[in-house]
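Subject: Structure handover and what turned up in it

Hi there,

Here is the structure I promised to send over. Have a look at it first, and then read on for what came out of the analysis.

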Amino acid sequence: MSQPVRPEDSRLSFWLDLRTCIAVLFVIYGAVCLVWGLAFTDPAELDKSGGIRLNLWTGIGMLAVGAAFAVWAALRPVRADERDRTPAAPPAEDEPPA
């Protein structure tokens, strides 16, 4: 018989999924780049980059990639294999303990 999947199991597996970890990192670094590109870009940096706010555009791109990873992880969640959920059989009584 199969055991029902508990909601807390699916939440934990969502946060431990590698795609979610990558999404969180992209969103954090993307937000930092976005803020840095908006607030802390000086004219000398703009001259070096040919007038393009590279941190701003990199931050927007990283936020988009992070959102894509989060959507991917949410739409295709990890499912635990039912064989992993079945408890192991207790040892026979005539066997000595290991």
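A charge is taken to sit over a ring if NZ of Lys or CZ of Arg is within 6 Å of the ring centre and within 35 degrees of the ring normal. By that rule, the charged end of Arg19 sits over the ring of Trp72, 4.9 Å from its centre. Please keep in mind that this is a predicted model.

Trp72 also turns up among the aromatic rings: together with Phe26 and Phe69, Trp72 forms one aromatic cluster. Since a pair of aromatic rings is described by the distance of the centres and the angle of the planes, you will find both values below.

The aromatic pairs

The structure holds 3 aromatic pairs. One of them joins Phe26 and Phe69: the ring centres are 6.3 Å apart and the planes are at 10°, so this pair is stacked. Planes count as stacked when they are under 30 degrees apart. Phe26 belongs to helix α2 and Phe69 to helix α4 (residues 54-75), so the pair ties together parts that are 43 residues apart in sequence.

A buried threonine

Helix α2 spans residues 18-39 and includes Thr20. With a relative accessibility of 5%, Thr20 counts as buried. Which residues does Thr20 touch, leaving aside those up to four places away in sequence? They are Phe14, Trp15 and Ala73.

An exposed arginine

Arg11 is found in helix α1, which covers residues 7-16. Its relative accessible area is 53%, so Arg11 is exposed, the cut-off for that being over 50%. How far apart are Arg11 and Pro77 in space, C-alpha to C-alpha? The distance is 9.7 Å, although Arg11 and Pro77 are 66 residues apart in sequence.

That is everything from my side for now.

Best wishes

How values were computed: Residues numbered from 1 in each chain as written. Predicted model: local features only at pLDDT ≥ 70, side-chain atom pairs only at ≥ 80, totals over all residues. Heavy atoms only, no water. Helix = DSSP H or I, 4+ residues; strand = E, 2+ residues; numbered from the N terminus. Buried < 20%, exposed > 50% of the residue type's maximum accessible area, 1.4 Å probe, protein only. Contact = heavy atoms within 4.5 Å. Phe/Tyr/Trp six-rings, centres within 6.5 Å; stacked < 30°, edge-to-face > 60°.
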